[in-house]
Amino acid sequence: MCQVKGNRPCRWEDHANLEHVDLRRIADVTQQLQQFAREAHYDQPITIGLREKGALYDFLGLGQTHYPSPLSLAAGHSTASTFQIGSAIGKALASIGVNWIFTPALDLLSDVIEPRNASQTFGSNATTVTEHATALIQGLAAEGVSACPNAHPPGAVLEIFRTQENTEFADDVNQHSETLEFSPIAGVIARYPRNSMQFGAAIHDFRKPEQSAKSIRTVCEMVLRNKCGYMGPTVSSLAETPEDASVCAKHAPLLTILSGLDMFRLPKDPDVRDASISILKAAMASNTLPASFVSAASDRVTAFKAQFLDWQRVLHRQLPEQPLAAAQIALAQRTYRASITAISPDPSPLSGLASDSMLALITPHVHRRHPDSPSDPFETLGQALSRSFPRTRHVSYNLQEGLTITHLLFLARAAAIVFVLCNQSSAFIEHQDEVVGALHQAMRARDAMPVEQRPRKIVLSAGDPRDLRDAFEGWWAVCCYEYSQGALEAAAEVLLGQRQATGRLPVAAS
């Protein structure tokens, strides 16, 4: 697996360095690797994978545009659109020689999902997750790219593992495998029984390695293989190993294979990586790692690769398009527009507002999605609003610092207020609650005025829709699920009343 920085190949790491990426150079490198494998008489082409953790949808756009996130796709409630997005992503990946991608997530959006990861789920409804995950996988497969879904053990299973003895573990896991949390996993397996699947390493317990291995093997064999009929290879993510367990990480690959999983991603640290390989070799030499384990894993991997890899496809591919073709940009725009969700049934409060009115846009500080994007991604929203309301005043806030006198002054003067929420960490939920409380406090005097003198108020969630779980009485609430350029431009059209919101909230209303 490789990455290209500038014009030199280097090792692939967790996220692509999106500065100075040359897609044609990447395509050349992957083509050379496959050609070397062919000349070395490999039976099958090399599997070249991409770890998707939110960066994929930016990586392929390279600052031109972004593909909608899974949560946006779910809100758009069109599996046909999800298939088209999967196909577009698959075509772009195949053109640079990537034939395997660690996506989509099969987790239900619940309280255990961090706010920053919410957009990488398809929501909290098991049926929605299953249908959209399947459509995305089908779209990727249509272009010769195989998906490796993330099937993390549901929270109920983790709790069972932590609290029960191993003798009771199998019965309890069998019972909880009937829950909705398992439903997307079972649904995807039913359609793709031989695909690869990433199985979270979250239940590795290095204090009890033998019990841990046996419990993981129970989940993998009893639930995935015997109950769900899964026949493909399982991949373990060692990135989930606790950060303070660097010594344990050296033994994690061995524990992974002994647990019944077939593949693992080695740690980035070269010393840990080399130590892991040495431990594996020693275990094979001493028969601590039986040859039968390695043989079974190899057979599953070979059968999996035979489904989607062939020399004709990998050696004769279309070169990548850069920038993205107009059709791909139009597809992303169309999908973003379909995802915007209005929680309030009334028309936008900005409809009919005089164009010379002052509008206060108050947005949070967030991380940039792409090195080439503006330092404040919400500039896109401010620019879109200012085209209709030239007196738009854009002021950002920091969750830890809260609202300042500057914010309060604009809140006191503006004829319309657009307040944006985008918390990215559960650690800041209390800070966000304090900011929202300060906002409501600041608006009390104006809300007590006669109706014609009250400001028009809009709250926009540009990330985790659970940000709106607290009541915003009297506010027109809208969700756009992410703060990419396409999402914010589509949201602006709805806020300005130029387009009706057609999205559906992909999380429970509560």
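Modeller: Two strands pair if DSSP finds at least two bridges between them. This is a predicted model, and in it six strands form an open sheet with mixed pairing, in the order 9-14-13-12-10-11.

Colleague: Which are the edge strands?

Modeller: Strand 9 (341–342) and strand 11 (392–397) are the edges, since each pairs on one side only.

Colleague: How many bridges join strand 10 to strand 11?

Modeller: Six bridges join them, and the two strands run parallel. Strand 10 covers residues 359–364. Ile-362 stands opposite Val-395 of strand 11.

Colleague: In which sense do strand 12 and strand 13 pair, parallel or antiparallel?

Modeller: Strand 12 and strand 13 pair in the parallel sense, over six bridges. Phe-419 has Val-459 in strand 13 as its bridge partner. Strand 13 is also joined to strand 14 by four bridges, again running parallel, and there Leu-460 stands opposite Val-478. Val-478 is the bridge partner of Ala-342.

Colleague: How should I read the two faces of a strand?

Modeller: In a regular strand the side chains alternate between the two faces of the sheet. Strand 14 has both faces covered. Trp-476 and Val-478 are buried on one side, and Ala-477 and Cys-479 are buried on the other.

Colleague: Why is strand 13 described as largely enclosed by the rest of the structure?

Modeller: Five of its six residues are buried, so strand 13 is largely enclosed. For the chain as a whole, 53% of the 510 residues count as buried.

Colleague: How do I read the packing of two helices?

Modeller: Two packed helices are described by the angle between their axes and the distance between the axes. Helix 16 (residues 405–413) and helix 17 (residues 429–447) pack at about 35°, with axes 10 Å apart. Their crossing is right-handed. Helix 16 contributes Leu-408, Leu-411, Ala-412 and Arg-413 to the contact, while helix 17 contributes Leu-439, Ala-442, Met-443 and Arg-446. By type, the residues of this contact are six nonpolar, no polar and two charged.

Colleague: What share of contacts in the chain join residues at least 24 apart?

Modeller: The share is 77%, taken among contacts between residues at least 6 apart in sequence. The secondary structure of the chain comes to 18 helices and 14 strands. The chain exposes about 22900 Å², of which carbon and sulfur atoms supply 49%.

Note on methods. Residues numbered from 1 in each chain as written. Predicted model: local features only at pLDDT ≥ 70, side-chain atom pairs only at ≥ 80, totals over all residues. Heavy atoms only, no water. Buried < 20%, exposed > 50% of the residue type's maximum accessible area, 1.4 Å probe, protein only. Contact = heavy atoms within 4.5 Å. Areas by Shrake-Rupley, 256 points an atom, 1.4 Å probe, with all protein chains shown as cover. Axes fitted to C-alpha atoms, helices over the stretch in contact; angles between N-to-C directions. Left-handed = near helix turned anticlockwise from the far one by under 90°. Nonpolar A, V, L, I, M, F, W, Y, C, P; charged D, E, K, R; others polar.
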